[in-house]
Every structure is written in structure tokens, then in C-alpha cells.
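Thanks for coming, everyone. Please have the sequence and the structure open while I talk, and look up each part as I name it.

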Amino acid sequence: MALLGRASSPPGRGLRRFFSYGTKMYQNSEAFSSKFFPPLQKAMLPPNSFQGKVAFITGGGTGLGRGMTALLSSLGAQCVIASRKIDVLKAAADQISSQTGNKVHAIQCDVRDPDMVQNTVSKLISVAGHPDIVINNAAGNFISPTERLSPNAWKTITDIVLNGTAFVMLAVGKQLIEAQRGAAFLAITTVYAETGSGFVVPSASAKAGVEALSKSLAAEWAKYGMRFNVIQPGPIKTKGAFSRLDPTGTFEKDMIERIPCGRLGTVEELANLAAFLCSDYASWINGAVIRFDGGEQSLISGEFNNLRKVTKEQWDTIEGLIRKTKGS
């Protein structure tokens, strides 16, 4: 566990420093629509929106988790990040803290191990206090034909995604109930948790379970002051995810072509949405599952949406043929 010293930060300092460089925007240069939807690389919420609050983020050292941690820290939160790789965690904690001036703690934790999760939650409360924000972001995934999966492969993904999320929710939730404190919980799943998807079957199944868990606790534990929401991100390019889901880079262009907004999402956009859902501005949002995919799911689920490829001249021909048709 690494404990970093707390330093004061003038309002907005961390926001400017974190968002100044932004994330490289991946877009289809031929997609006319992408020019209408440029990503904003700045914080949406006012400075100090999370001043005095404690945020616990699993998988907080890399990718989406690191982005959410950096934003929450820049908005005043005292963040505690957890994952298996302590060296990665410490490096992320050091860098985020130096950017924002706010304390970041790193605690090694394998969410598959319920005893380790319980110990992590105890350390979290000891060093930072009871969390006001809990983000379940730890994940595991890889592409594979389902017939090639071993029982261990299935168990590994399910243990991280579903069991790990449940262990964290139970360990934190019980502590909050005992202390009579509320919190905002957020789970990061994926768009195919709702629809299912071949070649990522363990992930699809486990993420669907996480969504059912979140919605169930939204109904049961609101009486204790806890809210539970879910974000389903579409394609957002991070090193960890894309190294396992698109290791050759072959599918990136196809992904972008399926997105009506004409580009991939960015970590900063996801972080802004997560921060809003965990903030007091969203106190009446509970049990929600928010799709965040640039319209991808809407496009691929519509039977006739491929007609967008038809040119104006082809539509003129088609319209003429339809007008000539008598009866039906």
C-alpha cells in the first residue's frame, strides 16, 4: 500500500493539468458526421465538486479507471485505487497526485479473493474513511471462439467481473450500513452485456450479471442511502482493452464505421459521465444503465440501417421504381 502526502490545490489547477493534453481522437476521416461530435477534453463539473469526499476505484491504475481517478481527484476527491499490480498502481497514484495536488492511495487487491477484498476495504476505511463513491471497474476479457474456452478461462473472467464486483459491493455495503452512511456505486460494463455477443461469451455473461446485481441493489439498498448505476461503454481505445480485443488493429476501422458519430469515444468523456453519476447532481438517478457508444448499438440493431450507404443517385432510382409499382 502506498500513501501519498496531501497537498492543497487551487481551484481548477488539477482540471487544467489533467485535461490539457487530452486523448488522441480516433475517427473515420471519411465520416462526415464526426465533425459534429468533437470530444470536449475538459471537466464538466465545477471545481471542488468532490471536496471532502472519498472515492474507491477498482482497476484504477490504468485505462478507464485511471481516467476516472484523475478526474475525481482533480475535482477534490481523496481517491483510493486498487488492482493486482501494485507497481502500476503506485506509479499512477504518484502521477495523479502530482497533477492534482490531492492525496491518492494505492492498495494492492485481487478482487477474485473475497478475503483480500475485505482486507482492502478495511485499509480503505483506515486510511481515507468510508467511501462516498465506489466504482467497480476491474475487468478481464479476451476474444476467443467459445468452443476453445477452458473451464479455467471461463472461471477467470467470471471471478474478476461478476464475483469481484459482488465481493466489493458486499464488503463496502456492509460497512456503510453499519456506519449508517450512504454512497454512490457505479459499475462499468459494456454494450453487449444487454444483447450478448459471440467470441466474448464469459465477459458478456458476467457483465450481464453485474447489471442485474446493480439494479437489484438499487431497489434493495436505497433505504440505506446507496445508489447503484451502470455505464455501458462502446469502443474507447485504451491500451489494455485493445491489446486483447484487437491485438492486430484489424477491427478498429470497422468499429468506427459502425458508430454513427464517426469516431471512438475518449477516456475523458467516460470520466465526465462517471463523475456526474457519482455526484450529488445525480442524486435521483438510481438503477440506471446508460449506454455510451456514439449510437453504435442503435445502428447495428436496426434492420434497415445499412441503407445509409445508399447514394442520392441510387435513392432516385429506387424511388422511381417504387413509384412505378402498382398494388402491393
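Let us begin with helix H4, residues 114-128, and helix H5, residues 151-179, which pack at an angle of about 40° with their axes 9 Å apart. The axes here are lines fitted to C-alpha atoms, for helices over the stretch in contact, and the angles run from 0 to 180 degrees between N-to-C directions.

H4 passes H5 in a right-handed crossing; a crossing is right-handed if the near helix is turned clockwise from the far one by less than a right angle, and left-handed if it is turned anticlockwise. On the H4 side the contact (heavy atoms within 4.5 Å) is made by Pro114, Val117, Gln118, Val121 and Ile125, and on the H5 side by Phe167, Val168, Ala171, Val172 and Gln175. Sorted by class, this contact of H4 with H5 has eight nonpolar, two polar and no charged residues, where Ala, Val, Leu, Ile, Met, Phe, Trp, Tyr, Cys and Pro count as nonpolar, Asp, Glu, Lys and Arg as charged, and the others, Gly among them, as polar.

Before the next pair, a word on where this comes from: it is a predicted model, in which local features need pLDDT of at least 70 and side-chain atom pairs count only at pLDDT 80 or more, while totals for chains, interfaces and linings use all residues. Residues are numbered from 1 along each chain as its sequence is written, and side-chain values use heavy atoms, with hydrogens and water left out.

Now to a second pair, helix H2 (residues 63-74) and helix H10 (residues 267-278), which pack at an angle of about 60° with their axes 9 Å apart. That angle makes H2 oblique to H10, and H2 passes H10 in a right-handed crossing. Gly63, Leu64, Gly67, Met68, Leu71 and Leu72 of H2 meet Val267, Leu270, Ala271, Asn272, Ala274 and Ala275 of H10, a contact with nine nonpolar, three polar and no charged residues.

How many of the 12 residues of H10 are buried? The count is 11 of the 12, so H10 is largely enclosed by the rest of the structure. Buried means under 20% relative accessible area, exposed means over 50%, and partly exposed is in between, with a 1.4 Å probe and protein chains only. Among the buried residues of H10 are Glu268, Glu269, Leu273 and Cys278. The end C-alpha atoms of H10 are 16 Å apart, which agrees with the 16 Å that its 12 residues should span at 1.5 Å a residue, the expected span being 1.5 Å times one less than the number of residues.

Let me turn to some loops. Ala222 sits in the loop between H7 and S7 and is partly exposed, with a relative accessible area of 38%. Leaving aside its neighbours within four places in sequence, Ala222 is in contact with Leu217 and Asn286.

Most residues other than glycine have a negative phi. Gln180, in the loop between H5 and S6, has a positive phi near 55° and is exposed, with a relative accessible area of 73%. Phe199, in the loop between H6 and H7, also has a positive phi, near 75°, and at 55% relative accessibility it counts as exposed.

To end with the whole chain, its secondary structure comes to 12 helices and eight strands, and buried residues make up 48% of its 328 residues.

Note on methods:
Helices (H or I, at least four residues) and strands (E, at least two) are DSSP runs, numbered from the N terminus. Angles under 35 degrees count as roughly parallel, over 145 as roughly antiparallel, 65 to 115 as roughly perpendicular and the rest as oblique.
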